[in-house]
There are 4 protein chains.
Amino acid sequence: MTVRFGLLGAGRIGKVHAKAVTSNSEAKLVAVADAFEKAAQDLAAAHGCEIRSIDEIEQASDIDAVIICTPTDTHADLIERFARAGKAIFCEKPIDLDVERVEECLGVVRQTNATLMVGFNRRFDPHFAAVRKAIDDGEIGDVEMVTITSRDPGAPPADYISRSGGIFRDMTIHDFDMARFLLGEDPVAVTAHASVLVDKAIGELGDYDSVSVILVTASGKQCLISNSRRATYGYDQRIEVHGSKGMVAAENQRPVSIEIANGSGYTRPPLHDFFMTRYTEAYANEITAFINAIAAGVKAAPSGEDGLIALALADAALRSVKEDRTIRV
Amino acid sequence: MTVRFGLLGAGRIGKVHAKAVTSNSEAKLVAVADAFEKAAQDLAAAHGCEIRSIDEIEQASDIDAVIICTPTDTHADLIERFARAGKAIFCEKPIDLDVERVEECLGVVRQTNATLMVGFNRRFDPHFAAVRKAIDDGEIGDVEMVTITSRDPGAPPADYISRSGGIFRDMTIHDFDMARFLLGEDPVAVTAHASVLVDKAIGELGDYDSVSVILVTASGKQCLISNSRRATYGYDQRIEVHGSKGMVAAENQRPVSIEIANGSGYTRPPLHDFFMTRYTEAYANEITAFINAIAAGVKAAPSGEDGLIALALADAALRSVKEDRTIRV
Amino acid sequence: MTVRFGLLGAGRIGKVHAKAVTSNSEAKLVAVADAFEKAAQDLAAAHGCEIRSIDEIEQASDIDAVIICTPTDTHADLIERFARAGKAIFCEKPIDLDVERVEECLGVVRQTNATLMVGFNRRFDPHFAAVRKAIDDGEIGDVEMVTITSRDPGAPPADYISRSGGIFRDMTIHDFDMARFLLGEDPVAVTAHASVLVDKAIGELGDYDSVSVILVTASGKQCLISNSRRATYGYDQRIEVHGSKGMVAAENQRPVSIEIANGSGYTRPPLHDFFMTRYTEAYANEITAFINAIAAGVKAAPSGEDGLIALALADAALRSVKEDRTIRV
Amino acid sequence: MTVRFGLLGAGRIGKVHAKAVTSNSEAKLVAVADAFEKAAQDLAAAHGCEIRSIDEIEQASDIDAVIICTPTDTHADLIERFARAGKAIFCEKPIDLDVERVEECLGVVRQTNATLMVGFNRRFDPHFAAVRKAIDDGEIGDVEMVTITSRDPGAPPADYISRSGGIFRDMTIHDFDMARFLLGEDPVAVTAHASVLVDKAIGELGDYDSVSVILVTASGKQCLISNSRRATYGYDQRIEVHGSKGMVAAENQRPVSIEIANGSGYTRPPLHDFFMTRYTEAYANEITAFINAIAAGVKAAPSGEDGLIALALADAALRSVKEDRTIRV
C-alpha cells in the first residue's frame, strides 16, 4: 500500500515533511497547497507534485492523508474539515492555543473516527527514543526522577512571541510531552517559576524567557524542566532519567565533533544552531511513524489527546506563575 | 605564625581534618578530645598530638583554634564556649537543627567577636571553586539559572535519618549553600516537592528521599536542585550555571578514569563511592582556608550567617512541601 | 547547469551514489547499467531512471558523467573508455591493484584531458574535513605528527580477502590517502609491521589482519597508522594531528549517543557497525564535490594521481613487511 | 614491622618520596643525605628526620632501606654500595645510561641478593594500573595491539638534554617499560623514526624531539609509541590496549574538570602541567609498593632487569634511527 499525501503549507517545516514523504517508498506526495503561490510552486517543482487548493485536497479521491503545516490558528479548523473528509491527519503542534477549542476539535476527530497524529517530533529523535527504549527494557528499573533541559539559541522576534501563546505553550509544551513520554504517568501537580532575564521586550509582551518547572505524578515521581530563550553555545536539548536501578541520559548533539587543544585547553565546536538541524532525523522518523500507522491501520501516537494534555500542563504552568502556587491538574 | 589546633571529635571527619592540619606547614595539631577514649588515642598516636579534655582545650593557652566534629546537638554549645574562650572556631555543619538556637549562638559569636567558619566543604572542591572563579572572571556574563544535582549512593540507616533533621536540613542544605555561592544573590522564594521513592522506612520516619526544589532570587534568577538518596552508579555531584554569555559546568569525578569497549559498548567505572573520597581535596582546602583566614586576621567564609541562611532555606523547603505552596523568605 | 549521470554498477555503493545524485538539484540520474539485471531494475525503479548497457552510456549524448562502482578489475578499462568518450568520471578506489596498470590508465586520462575523481570518501567526512579545515586555518600551527586509527568491526570473508590485493591495498590505502591529506607533504619513507592475530584463514591466504605503519616526510613529519580487522565495539575511525601550536582530533561517531549508568559504571552504545552507516554523509558530500567540480569546470580532487600515490604507499608498506626494512619512496 | 628509610637526594623527586614515606604508617624516614646542605636541612625540618652523610647511612644499623634520587651518574655506584651494605634499594630510573654498566651493577645486586626496585612510576598510576587490571581480568581477551602517547608540555633545557642520554633513554624509556607491562611479552623487533621538529637546539646536541616507534613481539603483538617534546595543552599521557575481545584505554587527567560553553564552543581547561602533578598518586603508590614488598619479603617490581630491558630497547631504537632499519633484540 502506498499512502498518498496532500501537504498543507509549504513553509520551512512543510519542506522538511515533503522530503520525508517523497523519500519514503510507502508514500507519495500528490499535492501541495499554500496561500503563498511561490512557496507552493517551489515545493511542487522540487518534488514533482501538483499544486492544489485546500478545497481540492479535501475532496480528492487520490489523497489518503494530509500534513498540516499552516499557521497555528488554522489547525483546529483544518483538522475538523479533513477528519470529516475521511483523511488521516498529521498536524504540527499545537492543535490550538485554547484548551476548549482543542477539546471541541478532538470531539470531531472521535466522532469521525479519524486518524490524528500531533507533531511532537522529539519522541522520534533517535537518542531520546533510545532513552525511552532503555526504560522500556528495564535498564534503569522504575522511573523516579526526570530532568529536561531545553534552551533555545536565541529569543524569537517579538512578532512571533505575540502569536506564540507564551513560552509555556510554545516551548515548554515539548518538554511537557517529553516528561509524559518518559515518566510513564501523568503529572498531577505543576509548579512553575518564570522570569524575564534575556530580553525585556519579551516581558513587555507579557511573556517570559526563563522558566523552571517541577511536575509531580500521583505516585510521587518528579520531573524538573529548565528552559531559556538563550544559549550562546547552540541548541541545548538534554534529558536525564533516574530510576531505581540506574540512570539513562541523552547528551547534546553536535554537527561536527572535533576537538582542538592548545594552551587555552580543549575546545569542541558549538551545538546545532537550532531545531531544523538538530531534529532532522526526528522529523523524518515521525512522518515514517505516521505512514506506518496508516499502513498498519493502528492508532498513531502522539495522539490528539497527547496534544491536549501537554497544552493543559502549559496552561497550569502559566497559572502557577500568575497565582504563585502549585496547580493540581 | 603557626596556628595551634585543638580537635574536638576523633571520628571519621575528625581524622580527615587532623590530617589537613598536620600536613599544613602553618598549622600544628596540639591536642584531640573525644568521649570515646580509643578514638582519641588512635588519632593522637597517628599525629603525635596530646589527648586532652574539652575543658582543658578550652582553657589551654597553647591552642589558638578548634575544629568541632562532635555530634550535631553539641555544636551550638561548643561554639559558644570556645567563642567566649577566645578561640577561632571551625564547626562542621549544621550549627544546630533549630533556627532560633543558631541565631542565639551567632549572637554570642558576634558579642565575642569570634572567628567562626562553617564546614560547607563543597565551596572548596577544586572543580566547584573553578566554576565560581569562571563566574567571577566574567566568563559566562550575568548568572541567570543554576542547576544542582546531588544524589547519594544509598540511603543512610534509619537511626541516622531520625537524628538528621530530615533530608532538607541534612542533604539539601549543602545545595542551598552552593546555590547562594553561585547565584550571587539570596533566594526569596522556595518551592519544594518531596517523595518517598527509595525506601519506605524513610517515609515511616516522616522524612523523604527524593526532592526537587526551585529557588528564585529577587531579580528572577532561578536555581533547580535535584536530590535523591539513591544513585547506583556512585556519588552524583554536578553543577551547571547558565549566564548571559555562556554556561559553565562541573561534571562528576571518578576515582579511576579508564574506558573499556566491547560488543556491549563503551563502559567507564562508577563514580566515587561517597563524600569522603569525592571531597578529599575539598576537606583539605577548607582547613587551609580557615588557617589562612586566622593567619591573615580576616573573616572566614562560609560564616555562621551562611550556615543560618542555608538552614532557613531548608526549613522553608520543608514548609513548602507540608503546605504545598511557594514559601517567601 | 544540470550534470547528467550514468551509473555503472547498482550494488551497495552504487545505490548510495544514486541517492546522492538524485537528491542533488544540480544533477540528474539518467541511466544505470549493471550486469545483474534485477539490481539495475530495482535501482532504476527507485530513482525513475533508465536502464542502459555500458556501451549505450558510453555513446549517450545525454550523459555528462559516470560513476564507476563495478568490480575493481574493470575500473581501469572503464576509466579509459569513458575518458575517451569525453565523460567526467568518478571511480571508486582503487583504480587498479597494479601500479603500472594505474599509470597506464592515468596516461589515457591525461591525453584525453578527462576529469577523473577517485573515491577516497573519508576526505569528505564532515568531522575529518573539519580537522583539515582547522589545520588550514592555522589552528594548530605547522603539522608535526599524525596518528590514524582504523579498525574494522570484523574480518571480511576469505573470498573477499583473496580479491582485495591484501590489507595494505584494501584497507590501509584509505589511511595513506588521509595521511597525505593531513600531513601536507608526501611521505618519503614507509615502515610497516604486519601480523595475523585475528583470523588464521587470512594468514593462509598470504594476507595480514593487524598492521602498524610509520610514514615519514622529507621534513621529518611523522604519521602513525594502526589497523586491525577486529573491533568488537564497532567501526573505529579516529584521527589526531599534532602541530606546533596545538592538536586537533576527530573522535569516533555513534549512531545513538545515550549513556546508561548503574552499579557497573557508565555505558554508551557501540560505534557504527561499518562504513555504510559511518560514512553516509561522506558519500553524499563526495558526489556533491564531484558535481560542483564539473559544474565549475575545475579539477576534481582526490585525483587519479592521489589514487596512484596511495597505491604506491601500500605497495611500499607490503615490501617493508616482506623485506623487514624501511622503504624509501 | 616499620621500614626505616634513608633518603639519598633531597631535590624535587626526593621531596615527593619523603612525603610518601612519612605518610605511610608502616615506614619511617630516619635520615636524608644531600651534597647541597640547604636542601637536606629543609627536607629534614619538614619531616623531622636527621641529616646524615651517605657513608653514615650506608653504615647505619637503624636504616633498612634507601631511596636513591641523586644524579643519574651516581645511581649504579650507590646501588652497588647499598646492596653490599644489605639495604633494600629503590632507585630512580635509569640505573645508568650504559647497558654494560647496568649489567655489571645488576650482577652485584644478584650476588648480594639485594632487593632492588626501579622507579618506573607509571605502572603505579591508578588509571594505568586499572588498564593492566582490566587485561589481567580478561576484560579484553588476548592483547593484540597497544598504542602509547606521551608528549611533554615543552622541551627541557639544553643542559638537561646533553646529560639525558637522548630522548629514547630519557623519555621513551618510560613507554618501553609501559609497553612491556601491557603487552605481556617482550618485544623482539624495534623500529624507530626520529625528527627534530620542536627545537633546533636539540638537533644540534645530536638528539631528537619527535619520535615514532613500533615494537613487535615474537607472537606478532604490536605496540605504537608516539613521543614529542611539545604539547601546548599540557602533559599528554595516554594508553590504549586492543585485544581479541575489546579495548581498554586510559585518557588524560585534568587538575580541574569544568567545561565552559559559549559561542566559540565547549572548552575544558588544559591537562596537568607536567609529571609532578600528573603522577602524584603514582609516586605515592610506588613507594607504598616498595614498602609492602620489603615488609612481605617478596621481590619488588619493576626490578633491575626491567630497568635493563627498557634501556636495551632504548638503545635499539636509537640504532634503528641511525641505521634506518628494524633492530632485532
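Copies were superposed by least squares on the C-alpha atoms of residues with pLDDT of at least 70 in both. The model is predicted: local features need pLDDT of at least 70, side-chain atom pairs count only at pLDDT 80 or more, and totals for chains, interfaces and linings use all residues. Residues are numbered from 1 along each chain as its sequence is written, chains are lettered from A and ligands numbered from 1 in the order in which they are written, and side-chain values use heavy atoms, with hydrogens and water left out.

Contact here means heavy atoms within 4.5 Å.

The interface of chain B and chain C involves 16 residues of chain B in contact with 16 residues of chain C. About 1200 Å² is buried between the two chains, 47% of it on carbon and sulfur atoms. Buried area is the accessible area (1.4 Å probe) that two parts lose on being put together, summed over both. On the side of chain B, Tyr233(B), Tyr266(B) and Arg268(B) lose the most area to chain C, together 44% of what that side buries.

Two salt bridges are found by the rule across the interface of chain B and chain C. A salt bridge is a side-chain nitrogen of Lys or Arg within 4 Å of a carboxyl oxygen of Asp or Glu. Five residue pairs are in polar contact between chain B and chain C, both residues at pLDDT 80 or more. A polar contact is a pair of N or O atoms within 3.5 Å; within protein, one must be able to donate a hydrogen and the other to accept it, and residues adjacent in sequence count only if both atoms are side-chain atoms. Strand S13 (258-262) and S14 of chain B each supply at least two residues of the side that touches chain C. S14(B) gives the largest share of that side, four residues. By class, the side of chain B that touches chain C divides into six nonpolar, seven polar and three charged residues. Ala, Val, Leu, Ile, Met, Phe, Trp, Tyr, Cys and Pro count as nonpolar, Asp, Glu, Lys and Arg as charged, and the others, Gly among them, as polar.

Arg268(B) forms a salt bridge with Glu259(C), with the closest N and O atoms 2.7 Å apart. The pair crosses between chains, from strand S14 (residues 265-268) of chain B to strand S13 (residues 258-262) of chain C. Helices (H or I, at least four residues) and strands (E, at least two) are DSSP runs, numbered from the N terminus. Over all chains, the salt-bridge count comes to 128 by this rule.

Chain A is superposed on chain B by a rotation of 180° with 0.0 Å of shift along its axis (RMSD 0.0 Å). In chain A, Arg325(A) has the C-alpha nearest the axis, 2.6 Å from it. The copies meet through the same surface, because 100% of the interface residues of chain A are also interface residues in chain B.

Between chain A and chain B, 39 residues of chain A are in contact with 39 residues of chain B. The two chains bury about 3100 Å² between them, 52% of it on carbon and sulfur atoms. Six salt bridges are found across this interface of chain A and chain B. In one of them, Arg238(A) pairs with Glu240(B), the closest N and O atoms being 2.7 Å apart. The rule also finds 22 residue pairs in polar contact across the interface of chain A and chain B, both residues at pLDDT 80 or more. Strands S7 (143-151), S8 (187-195), S9 (210-217), S10 (222-228) and S11 (236-243) of chain A are the elements that give two or more residues to the side touching chain B. That side of chain A divides into twelve nonpolar, 17 polar and ten charged residues.

Two cis peptide bonds were examined in chain B. Lys93(B) and Pro94(B) are joined by a cis peptide bond, with omega about -10°. Pro94(B) lies in the loop between strand S5 (88-92) and helix H5 (99-112) of chain B. The bond from Ala301(B) to Pro302(B) is also cis, omega being near 0°.
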